[in-house]
Amino acid sequence: MALLLSLAVWFAPHAPSWQGLGTGWNSFLPWSAVLVALLAVLALVRRAWWGLAAVLVPALVWSAVFVPQLLPRPAEANGVGAAPDLLVATQNIGATNPRPGAAADALAASGAGLVAVQELSSTTGAAAQQQLDGAYPHQSTVGTVGLWSNWDLGNTQQLELGLGWARALRVPVEHPLGEIAVYVVHLASVRPGDTAARDAGLTELAALVAADPAPRVLVLGDLNTAGTDPRFGDLTGELTDSRIATGGGFGFTWPAGLPLTRPDHVLVRGLAVTSDSVLDAGGSDHRAVLAGLRF
């Protein structure tokens with residue numbers, strides 16, 4: 001079991017979807033440490049000393065894969081730890097959030113100059129939009145996603161990303177230090193046996209970003225994709241993940257009560273990441289992500 005677990009962790013990035021099972025394993029892969037601990041306890045209880053020695057193998061494999069992400073990145077030329085030129089926040093506020101106004105207030109109070117919101121449903125959208133409209137002079141919404149900004153916005157482009165209806169947008173933000181092409185995205189959900197729509201959306205989004213001529217690109221939203229999912233590489237080949245750039249932990253955001261994975265992301269090109277933190281949920285089932293950026 002220890003050796004099988006070692007292989008399952010090490011080769012997880014190469015695992016096929018397997019009707020969503022492989023995707024699920026990758027999405028919660030950091031929690032494989034619990035399985036390592038259970039095997040160690042079992043070996044101790046049984047006084048299986050060779051078994052305990054075998055458990056060291058998956059422990060070392062897990063450490064090799066994840067410990068670098070747990071260590072904070074040192075302050076370097078890439079800007080980590082420096083004062084940001086811009087704070088951005090993103091949150092799926094939850095279609096059934098009983099306190100959407102509180103979630104919107106928390107986002108505005110974070111100091112973010114750009115706020116991206118997903119799941120502006122018929123029950124939560126009006127209250128959240130009212131609060132954010134009062135805090136930001138510029139806004140753009142498409143379907144159930146929106147962007148609020150302290151700076152002028154250009155023309156908004158609606159994006160379907162494999163869904164058949166628009167649940168994403170691209171809009172230029174006229175920041176004083178330079179224009180940023182901002183994508184606000186809510187990709188299709190992942191369910192057992194059904195990852196096709198999410199995968200198609202990721203592929204289309206990666207292609208759009210790769211072809212985008214803007215020197216600075218920012219992708220914000222609920223991508224329904226963990227950083228450990230192999231399909232996430234479609235995007236990280238083009239963009240930098242704010243959590244990976246800063247290190248210091250996994251930054252889990254879902255489910256809010258006991259976060260186990262991170263489907264919510266801030267991804268950049270042409271900008272340096274200075275910080276990444278997770279904020280309270282404000283009644284949502286997703287916690288918010290706040291990232292600092294430099295030009």
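Reader: Hi! How many bridges join strand 11 to strand 12, and do they run parallel or antiparallel?

Author: Hi! In this predicted model, seven bridges join strand 11 to strand 12, and the two run antiparallel.

Reader: Switching topic: what about the largest nonpolar core, how many residues does it have?

Author: The largest nonpolar core has 25 residues. Those with the most contacts inside it are Val88, Leu114, Leu147, Val182 and Leu218. Several strands each supply at least two residues of this core, among them strand 1 (86–92), strand 6 (168–175), strand 7 (178–186) and strand 12 (288–294).

Reader: What is valine 182 in contact with, leaving aside its neighbours within four places in sequence?

Author: Valine 182 is in contact with Leu114, Leu147, Leu169, Arg170, Val171, Val173, Leu218 and Leu220.

Reader: You mentioned strand 6. How many of its eight residues are buried?

Author: Seven of the eight are buried, so strand 6 is largely enclosed by the rest of the structure.

Reader: And which strands are joined to strand 6 by bridges?

Author: Strand 5 (residues 157–159) is joined to strand 6 by three bridges, and the two run antiparallel. Glutamine 157 has arginine 170 as its bridge partner there. Eight bridges join strand 6 to strand 7, also running antiparallel. A hairpin connects strand 6 to strand 7 through two residues, and histidine 175 has glycine 178 as its bridge partner in strand 7.

Reader: Great. Now the aromatics: which residues form one aromatic cluster?

Author: Trp31, Trp62, Phe66, Phe250 and Phe252 form one cluster.

Reader: How far apart are the ring centres of tryptophan 62 and phenylalanine 66?

Author: Their centres are 5.1 Å apart and their planes are at 45 degrees, so the pair is tilted. Tryptophan 62 and phenylalanine 66 are four residues apart in helix 4 (residues 49–70), which separates them by about one helical turn. Tryptophan 62 counts as buried at 13% relative accessibility, and phenylalanine 66 is buried with a relative accessible area of 2%.

Reader: Where does phenylalanine 250 lie, and what does its pair with phenylalanine 66 tie together?

Author: The rings of phenylalanine 66 and phenylalanine 250 have centres 5.7 Å apart and planes at 80 degrees, so the pair is edge-to-face. Phenylalanine 250 lies in the loop between helix 9 (242–246) and strand 10, while phenylalanine 66 is in helix 4, so the pair ties together parts that are 184 residues apart in sequence.

Reader: Last one, charges. How many salt bridges does a search of the whole structure find?

Author: The search finds seven. One of them joins arginine 198 to aspartate 229, with the closest N and O atoms 3.2 Å apart. Arginine 198 sits in helix 7 and aspartate 229 in the loop between strand 8 and helix 8 (233–236), 31 residues apart.

Reader: Are those two buried or exposed?

Author: Arginine 198 is buried, with a relative accessible area of 0%, and aspartate 229 counts as buried at 3%.

Reader: Which residues does arginine 231 form salt bridges with?

Author: Arginine 231 forms a salt bridge with aspartate 199 and another with aspartate 234. Arginine 231 counts as partly exposed at 28% relative accessibility, whereas aspartate 199 is buried at 11%. Aspartate 234 is partly exposed, at 30%. Through shared partners, salt bridges join Arg198, Asp199, Asp229, Arg231 and Asp234 into one network.

Notes. Residues are numbered from 1 along each chain as its sequence is written. This is a predicted model: local features need pLDDT of at least 70, side-chain atom pairs count only at pLDDT 80 or more; totals for chains, interfaces and linings use all residues. Side-chain values use heavy atoms; hydrogens and water are left out. A nonpolar core is a set of buried Ala, Val, Leu, Ile, Met, Phe, Trp, Tyr and Cys residues joined through side-chain atoms within 4.5 Å. Buried means under 20% relative accessible area, exposed over 50%, partly exposed in between (1.4 Å probe, protein chains only). Contact means heavy atoms within 4.5 Å. Two strands pair if DSSP finds at least two bridges between them. Rings of Phe, Tyr and Trp (its six-membered ring) pair if their centres lie within 6.5 Å; planes under 30 degrees apart count as stacked, over 60 as edge-to-face and the rest as tilted. A salt bridge is a side-chain nitrogen of Lys or Arg within 4 Å of a carboxyl oxygen of Asp or Glu.
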